[in-house]
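User: I would like to learn how to read local and overall features from a model of a protein chain. Could we go through some cases one at a time?

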Amino acid sequence: MIEITNLVWRSLKWRFQNPVTIVMTMIQPLMWLLLFANLFSASNNNYMSFILAGILVMAILFSSGMSGIANYSTRENGSYYRVIISPTKRTSIIIAHMIDAMVLSGIQIMVLLVLSFLFGVRFETGIIGILSICVLLVATIAFVSTFSYLLSIVISDENGFIAVVNTFTLPLFFLSTALMTKESMPKIFRIIVSFNPFTYVVDSLRNILTDNAIHWQLYALSVGIVVILAILFSVITSKKLKMN
(Lines give C-alpha, C1' and ligand atoms only; values in the text may rest on other atoms or scores of the structure.)
Protein backbone atom coordinates (compact mmCIF):
# COMPACT_ATOMS: atom_id res chain seq x y z
CA MET A 1 0.00 0.00 0.00
CA ILE A 2 2.85 2.39 0.85
CA GLU A 3 4.60 1.78 -2.46
CA ILE A 4 1.34 2.44 -4.35
CA THR A 5 0.89 5.71 -2.43
CA ASN A 6 4.45 6.78 -3.25
CA LEU A 7 4.03 5.94 -6.92
CA VAL A 8 0.69 7.77 -7.11
CA TRP A 9 2.21 10.82 -5.45
CA ARG A 10 5.11 10.76 -7.93
CA SER A 11 2.69 10.56 -10.86
CA LEU A 12 0.37 13.28 -9.54
CA LYS A 13 3.33 15.55 -8.83
CA TRP A 14 4.45 15.18 -12.44
CA ARG A 15 0.87 15.67 -13.64
CA PHE A 16 0.30 18.97 -11.84
CA GLN A 17 3.76 20.20 -12.80
CA ASN A 18 2.61 19.64 -16.38
CA PRO A 19 -0.98 20.99 -16.34
CA VAL A 20 -1.02 21.04 -20.14
CA THR A 21 -1.67 17.27 -19.98
CA ILE A 22 -4.92 18.04 -18.17
CA VAL A 23 -5.99 21.04 -20.25
CA MET A 24 -5.20 19.67 -23.72
CA THR A 25 -7.13 16.43 -23.26
CA MET A 26 -10.14 18.39 -22.00
CA ILE A 27 -10.55 20.73 -24.96
CA GLN A 28 -12.49 18.44 -27.31
CA PRO A 29 -14.99 17.10 -24.71
CA LEU A 30 -15.66 20.68 -23.56
CA MET A 31 -16.15 21.84 -27.15
CA TRP A 32 -18.65 19.06 -27.79
CA LEU A 33 -20.56 19.90 -24.61
CA LEU A 34 -20.52 23.69 -24.94
CA LEU A 35 -20.94 23.97 -28.70
CA PHE A 36 -22.45 20.90 -30.36
CA ALA A 37 -24.65 19.72 -27.50
CA ASN A 38 -26.06 23.21 -26.92
CA LEU A 39 -26.56 23.74 -30.64
CA PHE A 40 -28.64 20.59 -31.09
CA SER A 41 -30.39 21.08 -27.75
CA ALA A 42 -32.03 24.18 -29.21
CA SER A 43 -34.22 21.89 -31.33
CA ASN A 44 -34.30 18.91 -28.96
CA ASN A 45 -34.46 19.52 -25.22
CA ASN A 46 -33.36 15.98 -24.41
CA TYR A 47 -30.29 15.97 -26.66
CA MET A 48 -27.97 17.32 -23.94
CA SER A 49 -28.79 14.35 -21.69
CA PHE A 50 -28.57 12.02 -24.70
CA ILE A 51 -25.11 13.12 -25.84
CA LEU A 52 -23.64 13.58 -22.34
CA ALA A 53 -23.01 9.82 -22.08
CA GLY A 54 -20.90 9.93 -25.24
CA ILE A 55 -19.02 13.04 -24.12
CA LEU A 56 -18.10 11.38 -20.81
CA VAL A 57 -16.67 8.44 -22.73
CA MET A 58 -14.85 10.86 -25.05
CA ALA A 59 -13.25 12.52 -22.01
CA ILE A 60 -11.98 9.13 -20.82
CA LEU A 61 -10.66 8.22 -24.27
CA PHE A 62 -8.72 11.47 -24.52
CA SER A 63 -7.46 11.76 -20.94
CA SER A 64 -6.88 8.14 -19.90
CA GLY A 65 -5.91 7.25 -23.46
CA MET A 66 -3.04 9.75 -23.25
CA SER A 67 -2.13 8.90 -19.64
CA GLY A 68 0.77 6.69 -20.73
CA ILE A 69 2.62 9.71 -22.11
CA ALA A 70 3.99 10.38 -18.61
CA ASN A 71 6.26 7.34 -19.07
CA TYR A 72 8.30 9.15 -21.72
CA SER A 73 9.14 12.02 -19.35
CA THR A 74 10.03 9.64 -16.51
CA ARG A 75 12.32 7.72 -18.88
CA GLU A 76 14.16 10.91 -19.73
CA ASN A 77 14.81 11.81 -16.09
CA GLY A 78 15.61 8.19 -15.16
CA SER A 79 12.88 7.73 -12.53
CA TYR A 80 11.10 5.12 -14.68
CA TYR A 81 14.14 2.85 -14.67
CA ARG A 82 14.74 3.37 -10.94
CA VAL A 83 11.23 2.08 -10.27
CA ILE A 84 11.64 -0.86 -12.69
CA ILE A 85 14.89 -2.11 -11.10
CA SER A 86 13.55 -1.62 -7.58
CA PRO A 87 11.72 -4.43 -5.72
CA THR A 88 8.42 -2.60 -6.34
CA LYS A 89 5.66 -5.00 -7.33
CA ARG A 90 4.59 -4.68 -10.95
CA THR A 91 0.94 -4.72 -9.91
CA SER A 92 1.61 -1.68 -7.71
CA ILE A 93 3.02 0.21 -10.70
CA ILE A 94 -0.08 -0.59 -12.75
CA ILE A 95 -2.52 0.27 -9.95
CA ALA A 96 -0.71 3.56 -9.30
CA HIS A 97 -1.01 4.42 -12.98
CA MET A 98 -4.75 3.63 -12.90
CA ILE A 99 -5.25 5.92 -9.89
CA ASP A 100 -3.31 8.72 -11.59
CA ALA A 101 -5.54 8.35 -14.66
CA MET A 102 -8.65 8.31 -12.45
CA VAL A 103 -7.62 11.63 -10.91
CA LEU A 104 -6.93 13.13 -14.35
CA SER A 105 -10.17 11.85 -15.90
CA GLY A 106 -12.09 12.51 -12.68
CA ILE A 107 -11.28 16.23 -12.81
CA GLN A 108 -12.55 16.45 -16.36
CA ILE A 109 -15.67 14.38 -15.69
CA MET A 110 -16.58 16.54 -12.70
CA VAL A 111 -16.27 19.70 -14.80
CA LEU A 112 -18.42 18.17 -17.55
CA LEU A 113 -21.08 17.00 -15.08
CA VAL A 114 -21.28 20.37 -13.31
CA LEU A 115 -21.61 22.21 -16.62
CA SER A 116 -24.24 19.78 -17.90
CA PHE A 117 -26.18 20.23 -14.63
CA LEU A 118 -26.13 23.99 -15.20
CA PHE A 119 -27.51 23.36 -18.69
CA GLY A 120 -30.44 21.44 -17.25
CA VAL A 121 -29.33 17.79 -17.24
CA ARG A 122 -30.78 15.83 -14.32
CA PHE A 123 -30.11 12.30 -13.11
CA GLU A 124 -33.41 10.50 -13.50
CA THR A 125 -32.22 7.53 -11.42
CA GLY A 126 -31.11 9.61 -8.41
CA ILE A 127 -28.32 8.69 -6.00
CA ILE A 128 -28.23 5.05 -7.11
CA GLY A 129 -27.77 6.25 -10.66
CA ILE A 130 -24.89 8.57 -9.69
CA LEU A 131 -23.12 5.77 -7.80
CA SER A 132 -23.68 3.38 -10.72
CA ILE A 133 -22.18 5.92 -13.12
CA CYS A 134 -19.13 6.34 -10.88
CA VAL A 135 -18.49 2.58 -10.77
CA LEU A 136 -18.85 2.22 -14.54
CA LEU A 137 -16.61 5.22 -15.27
CA VAL A 138 -13.91 4.00 -12.86
CA ALA A 139 -13.92 0.56 -14.51
CA THR A 140 -13.70 2.18 -17.96
CA ILE A 141 -10.80 4.40 -16.88
CA ALA A 142 -9.00 1.33 -15.51
CA PHE A 143 -9.32 -0.40 -18.89
CA VAL A 144 -8.29 2.58 -21.05
CA SER A 145 -5.41 3.71 -18.80
CA THR A 146 -3.95 0.20 -18.57
CA PHE A 147 -4.03 -0.15 -22.34
CA SER A 148 -2.40 3.29 -22.64
CA TYR A 149 0.35 2.24 -20.22
CA LEU A 150 0.93 -0.93 -22.23
CA LEU A 151 1.27 1.12 -25.43
CA SER A 152 3.82 3.40 -23.74
CA ILE A 153 5.93 0.34 -22.93
CA VAL A 154 5.65 -1.25 -26.37
CA ILE A 155 6.16 1.98 -28.37
CA SER A 156 9.57 3.47 -27.63
CA ASP A 157 8.97 6.81 -29.36
CA GLU A 158 6.69 9.46 -27.81
CA ASN A 159 5.53 10.76 -31.19
CA GLY A 160 4.66 7.22 -32.24
CA PHE A 161 2.61 6.80 -29.07
CA ILE A 162 0.69 10.03 -29.69
CA ALA A 163 0.06 9.05 -33.31
CA VAL A 164 -1.34 5.63 -32.36
CA VAL A 165 -3.60 7.02 -29.63
CA ASN A 166 -4.92 9.80 -31.88
CA THR A 167 -5.48 7.33 -34.72
CA PHE A 168 -7.78 5.11 -32.66
CA THR A 169 -9.48 7.57 -30.29
CA LEU A 170 -11.91 9.28 -32.67
CA PRO A 171 -12.83 6.10 -34.62
CA LEU A 172 -13.64 4.36 -31.32
CA PHE A 173 -15.81 7.33 -30.39
CA PHE A 174 -17.64 7.67 -33.72
CA LEU A 175 -18.04 3.90 -34.19
CA SER A 176 -20.10 3.67 -31.02
CA THR A 177 -23.55 4.90 -30.04
CA ALA A 178 -22.10 8.17 -28.69
CA LEU A 179 -23.92 10.32 -31.27
CA MET A 180 -26.88 8.19 -32.31
CA THR A 181 -28.66 5.00 -31.35
CA LYS A 182 -27.70 1.72 -32.98
CA GLU A 183 -31.19 1.37 -34.45
CA SER A 184 -30.80 4.58 -36.49
CA MET A 185 -27.54 3.42 -38.12
CA PRO A 186 -27.12 1.54 -41.43
CA LYS A 187 -26.95 -2.23 -40.92
CA ILE A 188 -23.21 -2.54 -41.66
CA PHE A 189 -22.40 0.05 -38.98
CA ARG A 190 -24.62 -1.72 -36.45
CA ILE A 191 -22.40 -4.80 -36.77
CA ILE A 192 -19.20 -2.78 -36.30
CA VAL A 193 -20.65 -0.82 -33.39
CA SER A 194 -21.67 -4.05 -31.66
CA PHE A 195 -17.99 -5.05 -31.38
CA ASN A 196 -16.98 -1.74 -29.80
CA PRO A 197 -16.85 -2.06 -25.97
CA PHE A 198 -17.55 1.65 -25.59
CA THR A 199 -20.94 1.15 -27.22
CA TYR A 200 -22.11 -0.75 -24.14
CA VAL A 201 -20.61 1.81 -21.78
CA VAL A 202 -22.36 4.67 -23.61
CA ASP A 203 -25.68 2.81 -23.76
CA SER A 204 -25.54 2.03 -20.05
CA LEU A 205 -24.61 5.61 -19.11
CA ARG A 206 -27.38 6.96 -21.33
CA ASN A 207 -29.91 4.62 -19.74
CA ILE A 208 -28.94 5.86 -16.27
CA LEU A 209 -29.01 9.52 -17.34
CA THR A 210 -32.27 9.54 -19.31
CA ASP A 211 -34.49 6.72 -18.01
CA ASN A 212 -36.35 6.41 -14.71
CA ALA A 213 -35.01 2.90 -14.02
CA ILE A 214 -31.60 1.29 -14.50
CA HIS A 215 -31.34 -1.55 -17.00
CA TRP A 216 -29.29 -3.77 -14.71
CA GLN A 217 -28.61 -6.46 -17.30
CA LEU A 218 -27.10 -3.88 -19.67
CA TYR A 219 -25.22 -2.30 -16.77
CA ALA A 220 -23.73 -5.63 -15.65
CA LEU A 221 -22.71 -6.40 -19.23
CA SER A 222 -20.97 -3.05 -19.73
CA VAL A 223 -19.15 -3.21 -16.38
CA GLY A 224 -18.19 -6.83 -17.01
CA ILE A 225 -16.72 -6.05 -20.44
CA VAL A 226 -14.48 -3.20 -19.27
CA VAL A 227 -13.41 -5.03 -16.09
CA ILE A 228 -12.39 -8.12 -18.08
CA LEU A 229 -10.46 -5.93 -20.53
CA ALA A 230 -8.79 -4.05 -17.66
CA ILE A 231 -7.69 -7.32 -16.07
CA LEU A 232 -6.49 -8.69 -19.43
CA PHE A 233 -4.33 -5.67 -20.20
CA SER A 234 -3.10 -5.51 -16.60
CA VAL A 235 -1.80 -9.07 -16.89
CA ILE A 236 -0.14 -8.36 -20.25
CA THR A 237 1.38 -5.11 -18.93
CA SER A 238 2.69 -6.84 -15.82
CA LYS A 239 4.45 -9.46 -17.95
CA LYS A 240 5.95 -6.76 -20.18
CA LEU A 241 7.25 -4.88 -17.13
CA LYS A 242 8.90 -8.06 -15.81
CA MET A 243 10.70 -8.44 -19.13
CA ASN A 244 12.17 -4.93 -18.89
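User: Where is Leu170 placed?

Analyst: This is a predicted model. Leu170 sits in helix H9, which covers residues 158-174.

User: How is its exposure read, and is Leu170 buried, partly exposed or exposed?

Analyst: The reading rests on relative accessible area: under 20% is buried, over 50% is exposed, and values in between are partly exposed. Leu170 has 30% relative accessibility, so Leu170 counts as partly exposed.

User: Which residues is Leu170 in contact with, beyond its neighbours within four places in sequence?

Analyst: Contacts of this kind show what the fold brings together. For Leu170 they are Gln28 and Phe62. Phe62 is 108 residues from Leu170 along the chain, yet their C-alpha atoms are separated by 9.0 Å.

User: Is Thr146 buried or exposed?

Analyst: Thr146 also lies in helix H8, residues 126-154. Thr146 is buried, because its relative accessibility is 1%. Its contacts, leaving aside neighbours within four places in sequence, are Ile94, Met98, Ala230, Phe233, Ser234 and Thr237.

User: Why can one helix hold residues that point the same way?

Analyst: An α-helix has 3.6 residues a turn, so residues three or four places apart point the same way. As a separate case, helix H5 (residues 70-77) has Ala70, Asn71, Tyr72, Thr74 and Arg75 buried. Just after H5, Gly78 takes a positive phi of about 90°.

User: How is the length of a helix checked, taking H7 as the case?

Analyst: The distance from the first C-alpha to the last is set against the span expected at 1.5 Å a residue. Helix H7 (residues 90-118) has 29 residues and reaches 42 Å, close to the 42 Å expected. Just after H7, Gly120 has a positive phi of about 105°.

User: How many helices and strands does the protein chain have?

Analyst: The protein chain has 12 helices and 0 strands.

User: What does the radius of gyration say about the protein chain?

Analyst: The value is compared with that of a compact globule of 244 residues, which would be near 18 Å; the protein chain has 18 Å, so the two agree. Along the principal axes, the C-alpha atoms fill a box of roughly 55 × 35 × 35 Å. Of the 244 residues, 50% count as buried.

User: What share of contacts joins residues at least 24 apart?

Analyst: Among contacts between residues at least 6 apart in sequence, the share is 79%.

Terms used:
Residues are numbered from 1 along each chain as its sequence is written. This is a predicted model: local features need pLDDT of at least 70, side-chain atom pairs count only at pLDDT 80 or more; totals for chains, interfaces and linings use all residues. Side-chain values use heavy atoms; hydrogens and water are left out. Helices (H or I, at least four residues) and strands (E, at least two) are DSSP runs, numbered from the N terminus. Buried means under 20% relative accessible area, exposed over 50%, partly exposed in between (1.4 Å probe, protein chains only). Contact means heavy atoms within 4.5 Å. The radius of gyration is taken over C-alpha atoms; the globule rule is 2.2 Å times the number of residues to the power 0.38. The expected span of a helix is 1.5 Å times one less than its number of residues.
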